[in-house]
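I opened my notebook to work through this structure one chain at a time. Here is what I looked up.

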Amino acid sequence: MEDERERIAGQYLRMQGKRLLFVAVLSFLIFLLAVGSTIIGSAGLTFGEVLSAVLAGIFPGTFSADPLAYTIVWDLRLHRVLFAVVAGFGLAVAGAIMQGVLRNPLASPFTLGIASAATFGAAIAIIFVPAALSGEISLVVSAFSMSALAAIAIYGLSRYRGVSAESMVLAGIILMYLFGAMTSFLQYTGTTEQLQAVVFWMFGSLQNTSWEKLALVTVVVGVATPLLVWRAWDLNALGMGDQVAQSLGVKVEQTRTLHMMVASLITASIICFTGTIGFIGLVSPHITRLAIGGDHRYLVVASGFVGALILLGADSLARTILAPQIIPVGIMTAFIGIPFFLYLFMRRREEYW
Amino acid sequence: MKLEVADLSFSYEDQRVLSGIDLEVGEGELVGVLGPNGCGKTTLIKCINRILVPGGSVRFGGHDVARMGNTERARLFAYVPQALSVGMAMTVFESVLMGRRPHVRWGVGESDIGMVSAALERLKISHLAFRKVTKISGGERQKVVIARALVQDPSLLLLDEPTSALDIRHQLEVMQIIRSVVNQKGIGGLMAIHDLNLAGRYCDRVVVLHNGRVAGHGPPSGILTEDLIRTVYGVSARVGREDGYPLIVPLEPVGSE
């Protein structure tokens with residue numbers, strides 16, 4: 001009897017260990033890929049040149065570097081690589097939260113209208129703001145405010161009939177179609193150039209990253225993620241149904257609303273800079289769940305690492321595969337993520353959702 | 001600590017479901033809530049747990065349950081719902097571990113893990129510990145949910161037909177476990193239950209609901225009479241005795257309901 005209990009306790013602890021190992025391996029892979037991704041490119045820099053450029057930037061007095069290499073690394077590549085990591089992390093965290101809160105494997109910022117709202121916002125800016133005034137700012141602000149509006153609308157609509165998972169999913173899907181239709185209408189009325197710009201925005205791209213944008217997104221993701229992880233028990237409990245969750249002490253409606261708002265905020269703050277980068281928020285949590293199970297105390301962060309790896313990998317490929325042409329990263333994410341997902345999906349036959 | 005329900009009432013929209021319910025559950029006492037389908041058994045359990053918000057007063061250990069925080073209440077009351085959906089595909093171990101949610105901050109300590117292993121053993125489902133809850137039988141799931149309630153370490157167990165999905169052997173096993181937990185830990189138990197014979201055998205007292213009101217309240221042998229069964233269920237029955245417990249043999253429906 002004692003042996004049996006110890007065996008079970010031991011197995012649980014080993015499971016925890018496996019989860020930590022998963023995260024450790026992922027962070028190592030991300031680091032390697034980040035280094036690789038900073039080196040590769042049409043300028044043909046060597047590892048040594050990149051390393052001294054990085055060091056020269058961090059310790060300006062101590063190290064010196066070739067000015068061209070310095071410019072390429074600091075002004076072009078490094079913030080893009082880091083942005084890919086942070087954005088991939090954030091999108092995957094948002095997806096994991098939405099799937100958990102709504103108990104729905106298809107939930108993601110994209111199936112719930114947050115992203116199509118952002119697209120609509122971008123389309124408005126592209127088509128209506130006069131060319132003289134149309135800078136990036138109007139586009140970013142417009143995209144962000146539309147996704148925020150969508151998040152509030154989902155909450156408002158579902159509030160109307162009780163904040164259940166089903167009503168939120170339904171409200172989200174309705175919004176997705178509504179914003180989709182409005183965007184199509186705008187495209188229909190726009191000029192060819194405007195149409196092109198909207199379509200390009202919808203591909204999603206890391207072309208326009210900067211240190212300022214990186215800082216902003218990092219702050220949002222960096223503040224939101226610990227908050228979400230801290231509330232992970234509530235998310236686990238919600239997975240067992242609202243009434244059970246409540247009987248375990250969870251404030252169900254408050255938790256669902258807070259989590260949806262935070263996940264939407266993360267998403268909006270990323271995609272207003274990049275355009276719609278799909279797929280990561282949907283699939284990273286699934287990959288993670290297949291690998292380490294559904295305990296949100298680990299799932300949320302581990303999904304983030306998976307998302308970071310996928311987006312960084314996709315962007316590295318997008319920059320090199322047709323170099324010097326750069327493919328929009330949104331096109332590549334699916335190509336990178338699907339084989340990964342299929343492998344786990346075929347190998348693990350047991351139910352994981 | 002004692003559960004005291006006084007003049008409890010509840011309506012869905014404008015349809016009154018419960019009115020004027022009074023009942024008490026003391027320490028070490030198991031009370032059955034009986035009555036036909038739709039009489040308000042499940043609603044009563046949910047009102048006590050404040051999944052639904054009733055009128056009247058519900059007090060536990062002298063404190064008004066309405067004024068407790070969610071976590072505070074979750075440390076006192078464990079709820080075993082009727083629906084057998086267990087939610088997302090997590091392992092049996094993790095599903096049971098969830099019962100520790102009102103007690104832990106974030107990390108899971110050795111004692112939490114120990115409580116889960118002990119509860120699994122008590123319900124004889126240790127061998128399922130790392131199976132997915134979606135891959136086990138209905139009876140096994142019922143035991144998982146009861147195990148979760150046990151690790152919640154409550155002062156009152158609220159059970160909504162905990163035996164309805166089980167075959168007769170598992171029914172008896174589960175009832176014995178509930179009875180022994182209530183006795184050993186000196187906690188209260190309030191259980192909605194359909195099976196009159198199980199109620200008669202394992203409960204100290206029964207409360208019979210009929211049309212949202214209490215139609216009878218007391219020790220099973222005094223309450224479960226042929227007359228009451230005819231009035232409340234619309235069924236003629238023979239009530240005998242077996243082993244000192246009432247033995248009810250339902251015969252046929254009578255009247256027009």
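**Ground rules.** I noted that this is a predicted model, where local features need pLDDT of at least 70, side-chain atom pairs count only at pLDDT 80 or more, and totals for chains, interfaces and linings use all residues. Residues are numbered from 1 along each chain as its sequence is written, while chains are lettered from A and ligands numbered from 1 in the order in which they are written.

**Chain A.** I looked up the secondary structure and found 14 helices and zero strands. Helices (H or I, at least four residues) and strands (E, at least two) are DSSP runs, numbered from the N terminus. Next I checked the radius of gyration, taken over C-alpha atoms. For chain A it is 21 Å, close to the 20 Å that the globule rule gives for 353 residues, so chain A is as compact as a globular protein of that length. That rule is 2.2 Å times the number of residues to the power 0.38. Buried residues make up 50% of chain A. A residue is buried if 20 or more other C-beta atoms lie within 10 Å of its own, exposed if 12 or fewer, and partly exposed in between, with C-beta atoms placed from the backbone.

**The core.** I then turned to the largest nonpolar core, which has 191 residues. Such a core is a set of buried Ala, Val, Leu, Ile, Met, Phe, Trp, Tyr and Cys residues joined through C-beta atoms within 7 Å. Those with the most contacts inside it include A:Leu311 and B:Leu156. Helix α3 (residues 67-102) of chain A gives the most to this core, with 20 residues.

**Chain B, the open sheet.** I traced six strands in the order β6-β7-β8-β3-β9-β10, with mixed pairing. Two strands pair if DSSP finds at least two bridges between them. In chain B, β6 (77-80) and β10 (213-218) stand at the edges with a single partner strand each, so one side of each has no neighbour in the sheet. Strands β7 (residues 156-160) and β8 (residues 188-192) of chain B run parallel, over five bridges. There I found B:Leu156 bridged to B:Gly188.

Which way do β1 and β2 of chain B run? They run antiparallel, joined by seven bridges. B:Phe10 stands opposite B:Leu18 in β2(B). Two residues lie between these strands, and B:Glu13 takes a positive phi near 50°. I also saw β1(B) pair with β4 (residues 55-60) of chain B, antiparallel over five bridges. Here B:Glu4 stands opposite B:Arg59.
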